[in-house]
Amino acid sequence: MRACVVGAGPGGIVSAKVLLENGFDVTVLDKFQQVGGTWSAGGCYDGLANQASRRLFEFADLPNRLHFARAVDVQRYLEYYAETFGVLDRVRPGTEVVSVRPVEGPGRLGARGWWIDSRPTGEGAAEVQSERFHYVVVASGAHHHTRLPELPGRESFHGTVLHSNEVRAGAFTDRRVVVVGGGKSALDLITRAAGEAASATLVQRKVNWMIPERLLLGLVGYKWILFTRFGEALLPRYHDPACVRPVDRIDDRVKRALWWVITRDMLVSTGLYRLPRQLRPDRALPFHLAHAGVIPRGYVRAVRRGLIDPKISAVAAYTDKGLRLETGEEVAADVIVFATGHHKVFPFLDPRVPVHDSAGRLRLHRGIVPPGADRLGFVGFRQVFNNIMGVELSAHWLTGRFRGTLRTAPSEQEMEEAIDARLAWQERVLPDSGGYDFGPYDIHCADELLHDMGLPSRRAGNPLAEYLLPGGVAHRYAGLNRPDSTAR
């Protein structure tokens with residue numbers, strides 16, 4: 001059984017590892033020269049750092065000691081993982097996938113396998129190589145196809161315009177820098193600009209919630225609160241009834257009271273309470289918690305010292321000096337960085353494969369497979385906070401589907417109905433998630449996939465550990481390939 005994995009980031013290498021262990025002949029194609037995807041050299045902005053505390057950014061079968069690690073250290077771990085489990089020898093670096101198209105013939109789309117066309121990265125005139133595979137895993141990453149706003153007046157601005165992915169060392173030195181965006185990457189870059197640039201201005205439409213490295217007045221690491229079953233029980237109820245436990249049925253009045261306390265602790269622990277009210281989130285938690293990242297060290301201090309000039313406004317247009325905001329204010333700039341996210345698109349994929357709806361949301365059953373295509377799956381597009389555990393479990397689930405060992409085998413219509421129900425829930429609970437981001441529901445997402453695989457979702461030996469210790473962590477899911485896999 002030949003399987004092709006498109007992409008050698010975290011999702012790609014763990015998919016290849018699981019497929020190899022299940023007897024597949026695996027080939028991994030990646031456009032970069034290193035494995036690691038976003039974490040590889042040139043994969044994202046210079047200075048990217050991991051927002052995972054210790055024992056979070058790791059795969060189940062290879063622990064590490066990474067703690068808010070630099071990208072170079074994360075890449076090193078991913079490469080060591082790929083080498084340890086025989087994946088590295090299966091990778092063809094510097095290979096661009098041009099198309100993924102079904103082998104024509106009777107039956108459903110992809111039932112006879114897939115053609116993969118590829119060529120050396122950046123060599124558009126090179127001869128395209130076509131290969132036939134029985135199965136395809138798309139793990140091309142969600143942070144590569146940049147989203148830039150279309151603003152009038154671009155021709156009038158003669159400075160530098162970058163997406164956050166394109167920022168490299170020295171880009172800010174002694175220049176007037178404007179960063180547009182309110183997410184983790186925007187705060188990362190503006191904090192860096194505060195120490196390097198002649199001026200640093202942050203423009204954001206609204207202030208997002210940010211998570212501190214430590215909660216409870218700075219005393220307890222965030223994973224001990226946010227990555228427990230009890231912590232997740234305070235969230236709005238998960239959409240899949242099979243994953244709802246008695247603890248998830250806490251009375252909404254109790255939840256609101258606890259979130260009132262958590263909201264105020266979050267303000268104190270991040271330091272946001274020390275900023276003017278307009279620079280704090282205007283909605284109480286858990287609203288938009290799915291869009292939260294770990295707040296960069298030094299951000300609040302830089303704002304308080306006047307090294308960062310924050311503006312709460314949308315951007316209206318370029319000017320000859322920089323940007324004009326919707327408030328009418330003009331902001332001068334030499335460098336404008338748009339930290340405005342990415343499109344979740346697959347330009348190489350045959351357009352007959354149904355992946356998006358009319359609103360651009362991903363329509364994947366369980367966030368992994370398109371209902372209208374066989375022998376094809378996506379890993380890395382069922383995003384959860386610090387999602388390396390999420391991609392590993394997705395790889396196990398998808399391999400089980402390829403092998404026909406999942407406990408459930410819904411029809412195409414049942415998949416479509418499940419996707420509709422899940423998207424409706426996401427729009428209500430996780431607005432603007434694009435059918436992709438499951439936010440802080442790490443453990444519920446794991447339970448759902450384990451249920452489909454016929455594996456126990458209880459992963460600890462006693463109720464205290466099960467509910468109060470971090471559960472959204474990879475080492476609790478070690479050994480899933482073993483037929484006797486049970487709670488550890």
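A disulfide here is a pair of cysteine sulfur atoms within 2.5 Å. The structure is a predicted model.

**Exercise 1. Cysteines**

Task: Count the disulfides by this rule, then find which cysteine sulfur is nearest to that of C243.

Solution: 
- Step 1. Apply the cut-off of 2.5 Å between sulfur atoms. The count comes to zero disulfides.
- Step 2. Look at C243. The nearest cysteine sulfur belongs to C445, 8.3 Å away. C243 is in no disulfide.
- Step 3. Turn to accessibility. Buried means under 20% relative accessible area. C243 has 4%, so C243 is buried.
- Step 4. Do likewise for C4. C4 has 0% relative accessibility and therefore counts as buried.

**Exercise 2. The pair α1 and α2**

Task: Describe how helix α1 packs on α2, using the angle and the distance between their axes.

Solution: 
- Step 1. Two packed helices are described by the angle between their axes and the distance between the axes.
- Step 2. Read off the values. Helix α1 covers residues 10–21, and α1 and α2 pack at about 15 degrees. Their axes are 10 Å apart.
- Step 3. Classify the angle. Angles under 35 degrees count as roughly parallel. The two helices, α1 and α2, are therefore roughly parallel to each other.
- Step 4. Assign the hand. The crossing of α1 past α2 is left-handed.
- Step 5. List the residues that meet. From α1 come P10, I13, V14 and K17; from α2 come L78, Y81 and A82.
- Step 6. Sort them by class. The contact of α1 with α2 has six nonpolar residues, no polar ones and one charged one.

**Exercise 3. A glutamine in α2**

Solution: 

**Exercise 4. A lysine in α3**

Task: Is K184 buried or exposed, and which residues does K184 touch beyond four places in sequence?

Solution: 
- Step 1. Locate K184. It lies in helix α3, which covers residues 184–196.
- Step 2. Compare with the cut-off of 20% for buried. K184 has 17% relative accessibility, so K184 counts as buried.
- Step 3. Skip residues up to four places away in sequence. K184 touches A49, Q51, M210, G293 and V294.

Methods. Residues numbered from 1 in each chain as written. Predicted model: local features only at pLDDT ≥ 70, side-chain atom pairs only at ≥ 80, totals over all residues. Heavy atoms only, no water. Buried < 20%, exposed > 50% of the residue type's maximum accessible area, 1.4 Å probe, protein only. Axes fitted to C-alpha atoms, helices over the stretch in contact; angles between N-to-C directions. Helix = DSSP H or I, 4+ residues; strand = E, 2+ residues; numbered from the N terminus. Parallel < 35°, antiparallel > 145°, perpendicular 65-115°, else oblique. Left-handed = near helix turned anticlockwise from the far one by under 90°. Contact = heavy atoms within 4.5 Å. Nonpolar A, V, L, I, M, F, W, Y, C, P; charged D, E, K, R; others polar.
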